[in-house]
Amino acid sequence: MGSPGADAERWFAHFRAACDRIAVDARRMTPQERAADLGRGAGGDITAGIDRVAEDHILTELRVLHHEGVSMTILSEEVGVIELGGGTPIVVIDPIDGSQNAKRGAPLFCTAIGVADGPTMGQVRLGYVRDYGTGEEFTAERGVGAWLDGAPLRLDASAGRLRTIAAEGASPVRLAAASVPLVGHVGRIRALGSLAMSLCWVAADRCDAMLGLGPGRAVDVAGAQLIVREAGGIVGMPEPEDLDAVPLDLMGRRRIVAARHVDHLEPLRDALTAGAAARR
């Protein structure tokens, strides 16, 4: 595994600068300011105060990059599509993934960004996730590797037991239904409240797998799925063979699974099917 190339480092530096400012503002904001209802964003969900602050900082840094001569198309959960010169790359942004945690003062939330050479998930070439609870920075460059605070991430190639998995979209009804096929396969289930963070925990070997019981959007996972794959893990939407063709858009919703080994996928598939059949 090598180190990020010069172009990757250039993008990461701008993302890092934005996220440093987001972290400062998040600490300063009151719970009321974080949770302020600013109407529905382009992705259809309510934009909270913390979402808007985070997006503004990221857009500011991307405009700086554009003034340095880089053209791009931005796809962000709150503001939608912005063309800075247009064309590619496409920068796919979830300003705050884990908004419910952020609004209520829980530390598990992040900014998740992917940079793609085209309009599909398989064309994502850079991934960046900043965890605001720990300050950790997860990065990946396609074909080069994945890193946590600059240290390489590489998953164990052996299957082993599913000791711990992360579940997202884990309403009681979905989780109860999905848990039945997991009996005998999984030791513990964790619910972090952030798809991107759950994926990064798989990449960092903090969880053996993750299960998205509620459908997620491309902006939630574009950067984080690359981090898992470059660390040696498997990602499906819902199957691994589906992933590369998934469009980078705001409205499409798909269930996602990830694991550190292909042998873990069968019980996850069964759990996903059972959870999808359950009412919310």
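**Notes on a predicted model**

1. Residues are numbered from 1 along each chain as its sequence is written, and side-chain values use heavy atoms, leaving out hydrogens and water.

2. Staying with these strands, β6 and β7 run antiparallel and are joined by 5 bridges; two strands pair if DSSP finds at least two bridges between them. Their hairpin has 5 residues between the strands, and G135 there takes a positive phi near 80°. On to β5, which is antiparallel to β6 and joined to it by 7 bridges. Here A112 has V129 of β6 as its bridge partner. As for cover, 8 of the 8 residues of β6 are buried, where buried means under 20% relative accessible area, exposed over 50% and partly exposed in between (1.4 Å probe, protein chains only).

3. V129 turns up again in the largest nonpolar core, which has 44 residues; V129, M121, L153, I227 and L248 have the most contacts inside it. Such a core is a set of buried Ala, Val, Leu, Ile, Met, Phe, Trp, Tyr and Cys residues joined through side-chain atoms within 4.5 Å. The elements giving two or more residues to this core include β5, β6, β7, α6 and α7 (218–230). The most come from α7, with 8 residues. Another core lies apart from it and has 32 residues, among them M29, I50, V91 and F109.

4. Do look at L153: leaving aside residues up to four places away in sequence, its contacts (heavy atoms within 4.5 Å) include M1, F138, W147, A203 and I227.

5. Helix α6 (residues 195–203) has 8 of its 9 residues buried, so the rest of the structure largely encloses it. Among the buried ones are L195, M197, C200 and A203. After α6 comes D205, with a positive phi near 65°.

6. Helices α1 (residues 6–28) and α3 (residues 49–67) pack at about 150°, their axes 9 Å apart. Axes are lines fitted to C-alpha atoms, for helices over the stretch in contact, with angles from 0 to 180 degrees between N-to-C directions. That makes α1 roughly antiparallel to α3, since angles over 145 degrees count as roughly antiparallel, under 35 as roughly parallel, 65 to 115 as roughly perpendicular and the rest as oblique. Residues making the contact include W11, H14 and F15 of α1 and I50, V53 and H57 of α3.

7. Now for an open sheet: 5 strands stand in the order β11-β10-β12-β14-β13, with mixed pairing. β11 (186–190) and β13 (234–236) are at the edges with a single partner strand each, so one side of each has no neighbour in the sheet. From one strand to the next, the twist averages 20°. Within the sheet, β12 and β14 (residues 257–259) pair in the antiparallel sense over 3 bridges, and A209 stands opposite A259 in β14.

8. Lastly, R217 sits in the loop between β12 (209–212) and α7. R217 counts as buried because its relative accessibility is 2%.

Methods:
This is a predicted model: local features need pLDDT of at least 70, side-chain atom pairs count only at pLDDT 80 or more; totals for chains, interfaces and linings use all residues. Helices (H or I, at least four residues) and strands (E, at least two) are DSSP runs, numbered from the N terminus.
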